[in-house]
Amino acid sequence: MANEINNFQEIISHCKEYGYIFQSSELYDGLSAVYDYGQMGAQLKKNLRDEWWKSMTQMHDNIVGIDAAIFMHPTVWKASGHVDNFSDPMIDNKDSNKRYRVDHLIEAHVATLEKEAGEAMIAEMDRLLAADDLAGLKTLIETNKIKCNISKTCNWTDVRQFNLMFSTQIGSVAEEADTIYLRPETAQGIFVNFLNVQKTGRMKIPFGIAQTGKAFRNEIVARQFIFRMREFEQMEMQFFVRPGTQMEWYNYWKDARKKWHESIGIPTEKLRFHDHVKLAHYADAALDIEFEFPFGWKELEGIHSRTDFDLSQHAKYSKKKIQYFDNDLNAEGKAYGNYTPFVVETSVGLDRLFLTVISLAYQEEKWTKEDGTEDSRVVLKIPAKIAPTKLAILPLLKKDGLPEIATELLNECKPHFHCFYEEKDAIGKRYRRMDAIGTPFCVTIDHQTKEDNTVTIRYRDTMTQERIPISEVKNIVAKGCM
RNA sequence: GCGGAAGUAGCUCAUUUGGUAGAGCGAUAGCCUUCCAAGCUAUAGGUGGCCGGUUCGAGCCCGGUCUUCCGCUCCA
């Protein structure tokens, strides 16, 4: 385990050193738990997103993709339950480290008081809560010497609002402004567009709506590199099904999603299912697909059977009918008719997937050369189809017409996949650099190329090389990246 | 959020009791080189995380703050 943690540090350093991930605003000492993707990372992340998007929308006739706005009507978050469940002021006792809801703490204290004094305190608490006066609430607790039940002390932290949602104002005039939230999940953008998509796309149940995009959660503690960030990207698909068939589809997506992860090179023994014991208010079944990260087994993707909770809630709050008319015939030969569809959700964190791929790809290799000396390299064995750069084109020398041939090859290949051109430094050094950023293929142009139009192709994972016609380079690399 | 540790060049680290910062690797440019980090030359790069205090003088001592890591907590 100690080695794995050290290894994790090295992965983080490597990500920075080779332009995969930088800390946000590093110039100003950084912003906690926010990260930027660099020139390599942005491309890898895009490739992962594209793979997912393709597997969902292009490969399934009955799944379509949308791109909903981050800003949504405030009532969306009331309907979804996000506002009510997560907006309580909390306070911690520094001695016992026990956390309390402020209203619960004060109410418990009031129960020990005379009726009149108690009512006065409740009235004061309600006034402070309504005014969002967190400092006032702390003063109330301290002046009344309300103690922690465990430590019996009055050593409190400040009162903090523990709503996980970030809020901001819409509209330029403050008095008229409405508080809106940055979405804490992308799913609601799909639910509120259910009717739009179903009707305009003439979608028939069962069908899915997919979406990728940023979500924001004001985590109390956000750590472990890009595993838990305050701003992150989700790739979600909500699959709408006939009520009663949800478990069938839940099991279908459970398997389908695990297979997809395996298809991008995640070994099956590094993945496992973890069933939720305690279910969220909206779910009738839920599980995580976990990956064995360098710091342990953690959630990579969630599969949730969300029942008709979300659509019903939006129907209730919007006072609009959100239903589907099913013309298919049931066992008795009658149409299923009107109903609120049930939902099976797949929700994967793109940043977590990125971390998964990087932590699998990162390898330090050592070997003994033919002359008996030691050699080593750090290599990112990112599967070719998601690697940010597919091909490096390297003239062995930067003279004798070799760069000209190399440039010609570059121009031929770059419309088809991402290439990198380099003529500086010894060839071995250039190979090492390509290993470090995970480029799966390198081709070298030498003097023999001028005679017989062949080049050397060198494979990242095995470090083996072979001679191929220059005319074959494009096809071989394209095929290797499928 | 609580407790612990850390922060010096892109990276890894020096700078022995306080006396205004160095190396290796890397990077850039040039020379030389016919396939796995070769060699030579030159150059760039640091108000020692930031702010304040003590001192004649602080990278070093003290306080605060920011960030990161570890443990706990949290993560509908």
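This is a predicted model: local features need pLDDT of at least 70, side-chain atom pairs count only at pLDDT 80 or more; totals for chains, interfaces and linings use all residues.

Now look at RNA strand B. There are 47 residues around RNA strand B, and the ones that come nearest are Ser32, Ala280, Gly428, His447 and Thr456. Two or more residues of that nearby surface come from each of α1 (2-17), β18 (374-380), α14 (427-437) and β22 (454-459). Which element gives the most? That's α14, with six residues. Sorted by class, the surface near RNA strand B holds 19 nonpolar, 13 polar and 15 charged residues.

Next up is a sheet. Five strands make an open sheet with mixed pairing, in the order β20-β19-β21-β22-β23. At its edges stand β20 (419-421) and β23 (465-469); each has a single partner strand, so one side of each is left without a neighbour in the sheet. Going from one strand to the next, the twist averages 25 degrees.

Zoom in on β20 and its pairing with β19 (residues 391-395): the two run in the parallel sense, joined over three bridges. Here isoleucine 393 stands opposite tyrosine 421 in β20.

Finally, find helix α16 (residues 473-480). Helix α16 lies across β19, β21 (441-445), β22 and β23, and runs at about 170 degrees to β21.

Note on methods
Residues are numbered from 1 along each chain as its sequence is written. Chains are lettered from A and ligands numbered from 1 in the order in which they are written. A residue is near a molecule or strand if its C-beta atom, placed from the backbone, lies within 6 Å of it. Helices (H or I, at least four residues) and strands (E, at least two) are DSSP runs, numbered from the N terminus. Ala, Val, Leu, Ile, Met, Phe, Trp, Tyr, Cys and Pro count as nonpolar, Asp, Glu, Lys and Arg as charged, and the others, Gly among them, as polar. Two strands pair if DSSP finds at least two bridges between them. Axes are lines fitted to C-alpha atoms, for helices over the stretch in contact, and angles run from 0 to 180 degrees between N-to-C directions. Two residues are in contact if their C-beta atoms, placed from the backbone, lie within 7 Å.
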